[in-house]
Amino acid sequence: MKIPVLRIYTLGYLLFLYCPIVILPIFAFNDSTALAFPLQGFTTQWFHNVWNDAVLAKALKNSLLVAGATAVLSTIFGTLAARANTRYQFKAAAPLMGLIMLPMVLPEIIMAMALLVVLLSVGIPLSLFTIILGHVLVCTPFAVAILTSAFQSLDKSLEEAAYDLGEGPFSTFRLIILPLVMPGIISAMLICFTISLDEFIVANFLGSGEPLLSTFIYGQLRSPKNVPNIMALGTILVGVSVILLALAEFFRRRGLARTGVKDSGGFL
Amino acid sequence: MTSDKPTMIEFQDVQKYYGDYHALRGISATIQAGEFFSLLGPSGCGKTTLLRTIAGFEGISSGVVLIDGKDVAAVPPNQRPTNMVFQSYAIFPHLTVAQNVGFGLRKDPRSAADKARAVDEALAMVGLSGYGGRAANALSGGQRQRVALARALILKPKVLLLDEPLSALDKKLRENMQVELIRLQRQVGITFILVTHDQEEALVMSDRIAVMFEGQIAQLDSPERLYRLPKTRAVANFIGTMNFLSANILSEAAGLVEVDVQGFGRLQLDAQKQVTGSPSANGATIGFRPETATLLFDGQQPSDRETMATVEEVVYYGDMTYYDVLLDGTSAPVRLSMRNVFGRPVLDIGTRTRVGWSPGALVLFR
Amino acid sequence: MSEPLNRPRFWGSQAASGLALISPTAVFAILLLAAPLAATLVYSVMTDGYLTVIPRFQLCNYIGECHSQLADGTMAPEGYLGAWSDPIVRTLMARSLIVSMLVTAATVLLAYPVAYFVSFNVEASRKPLWLFMITIPFWTSYVIRVFMWNVMISRTGVINSALEGLHIISDPLQMSFTIQAMVITLAHAYAPFAILPIYVALEKIDRSLLEAGQDLGETRFATFLRVTLPLSMTGVIAAVLIVFIPTIGDYVTPNLIGGGKIPMIANMIEKQMLKADNRTLGSAIAVTAMLVVGLVSVVFLLLNRRYLKGQK
């Protein structure tokens with residue numbers, strides 16, 4: 001009898017990964033402002049508070065606006081870069097792609113500070129728009145990564161076949177390429193939306209004080225009496241994130257099934 | 001033989017460079033209307049590149065490509081009277097079989113019903129009636145191949161280009177498709193240009209074959225002439241097997257060439273029918289195919305000449321046996337193929353035997 | 001359709017089409033990333049003028065003592081130390097480096113067996129599910145996730161109250177506001193970044209190589225050491241870099257878990273850039289941090305190249 005050491009270890013690791021998230025709903029329904037055991041009884045008070053919080057509503061609206069704009073812009077930028085990099089060979093591709101992907105490996109605080117200083121010295125006032133600029137910078141590499149694999153799994157001869165059968169470059173893009181990479185585009189948009197919604201550093205430094213979800217949460221966590229509200233809000237956010245991710249994964253897999261490529265699994 | 005037919009495609013000194021790499025080195029050839037033409041060669045010889053210059057997917061560095069008498073340098077692929085069957089078939093995975101086949105009819109002014117009928121006819125032609133509603137992804141390799149054919153032929157191109165269309169199929173299916181492609185070509189009567197690295201496939205299917213090596217056409221001939229009288233030893237080796245014996249040319253006169261062949265002695269060959277290649281400084285060589293010489297079993301009389309030999313290797317193939325024999329007076333063995341007719345023994349290694357041959361079956365490379 | 005009819009080569013020039021297509025993204029990245037980074041570099045060798053940056057070249061923001069220029073053009077009598085000379089900056093830099101190295105080591109070591117398990121022991125059809133399970137926590141609010149660790153380990157937090165309730169301890173354990181707490185929090189936050197690249201590298205290993213290893217008489221463990229580990233090293237390297245680089249600049253964790261008592265270099269950059277409004281010194285610290293990150297990464301890559309060469 002072999003002891004499945006690795007399996008037990010992995011399950012333990014998953015427990016470690018999940019435990020901060022699992023205790024979130026516990027305290028979201030706990031009737032106490034202290035986050036400690038023993039539990040004090042069931043309440044939906046915190047959810048009511050969240051529902052009726054005007055600042056939170058504003059923050060949510062701002063965040064959805066920023067995340068939506070970020071998702072669209074990053075995906076457009078990502079599509080262009082991924083297409084250029086997979087379809088054409090040119091010398092400038094490597095350095096330009098390196099620069100575009102750089103935010104993935106650059107400490108975010110440095111990027112945010114550098115951008116902040118330049119925006120201030122150029123005289124661009126901080127606003128939701130400047131946050132969107134920063135978020136597009138952060139999200140574009142993720143969009144590029146997802147879309148590169150979508151374009152790579154596209155057989156070049158499909159495109160040639162469309163030309164051969166009488167279509168021009170634009171109709172080929174519309175009739176063949178776009179439908180085949182559409183799942184990748186949707187999945188890139190969902191991922192960028194999620195990253196933007198969650199992002200804190202850029203939102204904190206490049207904003208003008210207009211609340212965003214992440215900065216709002218950060219602010220609330222500083223006063224203990226508001227913490228249970230954040231537990232409730234966090235519970236809702238976890239639920240929404242899981243649904244968005246499941247959707248993204250669904251589209252990604254459907255894309256793979258369409259182009260007939262074997263699933264290599266997972267994001268990134 | 002077929003030279004009375006009009007020319008469909010003409011290459012005039014076509015050159016193609018990829019950076020420093022010289023992919024096509026001065027291709028000049030004509031392909032006739034209604035011909036089944038093959039581009040045959042090892043991988044990297046430029047055959048696919050040449051096919052793609054006809055389709056318009058590759059530009060050329062210099063030279064002229066004419067399709068039906070028209071210079072196509074400025075004509076993009078979507079406006080050329082050619083259609084292509086891709087090596088990977090390039091079936092659009094998000095469309096149904098019917099949508100794939102009808103893809104090229106989008107700008108066709110006919111009514112939707114007429115187009116649907118055309119799709120049905122095209123599917124029937126390739127034996128896929130009733131498959132129109134299926135998802136293209138659900139098809140087998142052979143079926144994809146047929147969809148690709150129907151999709152190209154529905155546009156009634158002047159030329160159908162086939163880029164190694166059978167290489168992804170298994171042996172049985174490949175042989176069936178070969179016959180089917182010949183039938184289709186006779187039925188539609190248009191020019192088929194096939195790229196293949198499989199010499200057998202080219203021999204079976206083609207009216208004429210261009211054998212390509214390193215970006216050049218080494219020989220362009222009918223399958224029979226290619227096999228019987230290859231221009232170079234390289235062509236001879238690429239198409240089937242050929243045995244070589246060194247030879248000295250003694251004299252040439254009145255359409256006859258007298259040679260002294262290692263192992264075979266002095267012979268006279270027909271300068272018209274048996275001599276190939278252009279004169280070169282390197283010595284001449286005699287070549288013959290394995291099936292043109294024969295082992296003589298006990299009491300069998302030679303049809304023409306005979307030479308003694310020793311069996312060095314025996315390879316048994318069921319219907320055939322291949323013998324490597326060392327002819328007396330030579331230093332390297334030659335290969336003979338013998339049909340295993342009933343009652344004929346398989347010889348052992350080391351057996352002394354007589355080999356019957358005929359000067360008429362020999363080819364002189366000079 | 002209006003496609004150009006008279007193009008001599010249908011595919012056009014590769015370079016021109018590629019450049020045209022990539023240019024919107026590239027221009028965006030140049031304006032909002034390359035230019036700000038270049039500006040940071042330039043600022044770091046300029047003179048501080050309290051609310052402005054005065055374009056006068058000097059290196060004192062890095063080494064030695066600097067004086068800001070006052071509004072009337074005279075230099076401030078009180079100086080400040082350059083990034084490399086200031087013991088506080090050096091301490092914070094060293095602390096950031098140590099924390100991110102500890103985080104990287106912990107994350108990658110803990111993640112490797114998980115990636116190995118999913119790649120080698122999980123059925124192919126169930127792998128996507130496992131990967132999905134691993135990535136879910138990563139996509140939930142980073143700020144909340146970091147804070148939840150504080151909830152878990154604070155004096156009156158989940159772990160202490162649970163242990164006290166079960167009468168295992170009488171006095172609460174001191175876990176928060178420590179470097180260990182920051183390491184655990186960050187190791188948690190970056191787990192998927194470590195698992196995924198290692199998993200991808202393990203997936204690429206030809207399974208027949210492992211059978212060959214064992215067929216040649218190696219034990220399972222020796223096969224792992226001599227075949228699997230070297231072949232998965234590319235994934236480990238990617239994991240190390242992708243965890244190490246962002247953690248060195250982490251800003252949220254020191255504030256929420258360290259309680260602001262254990263600042264790291266990111267907090268220092270923020271302080272100089274915004275609160276102290278000394279952008280030249282802030283820029284010099286940021287450039288220094290990038291240099292340190294780059295240097296450590298390069299050294300790590302070189303060491304690995306040597307290790308992998310030694311294997312062959």
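1. Buried area here is the accessible area (1.4 Å probe) that two parts lose on being put together, summed over both. Between chain C and chain A, that area is about 8,000 Å², with 82% of it from carbon and sulfur atoms. Helix H1 (residues 14–43) of chain C supplies the largest share of the chain C side, 21 residues; helices are DSSP runs (H or I, at least four residues), numbered from the N terminus.

2. This is a predicted model, where local features need pLDDT of at least 70, side-chain atom pairs count only at pLDDT 80 or more, and totals for chains, interfaces and linings use all residues. Residues are numbered from 1 along each chain as its sequence is written, and chains are lettered from A in the order in which they are written.

3. Counting contact as heavy atoms within 4.5 Å, chain C brings 83 residues and chain A brings 91 residues.

4. How many salt bridges (side-chain nitrogen of Lys or Arg within 4 Å of a carboxyl oxygen of Asp or Glu) are there between chain C and chain A? The count is zero.

5. Within chain B, an automatic or database assignment gives domain 1 (7–233) and domain 2 (243–366). Their C-alpha centres lie 39 Å apart, and the contact takes eight residues from domain 1 of chain B and 11 residues from domain 2 of chain B.

6. These two domains of chain B bury about 770 Å² between them, 55% of it on carbon and sulfur atoms. On the domain 1 side, Tyr227(B), Leu229(B) and Arg233(B) lose the most area, together 70% of what that side buries.

Terms used:
Heavy atoms only, no water. Helix = DSSP H or I, 4+ residues; strand = E, 2+ residues; numbered from the N terminus.
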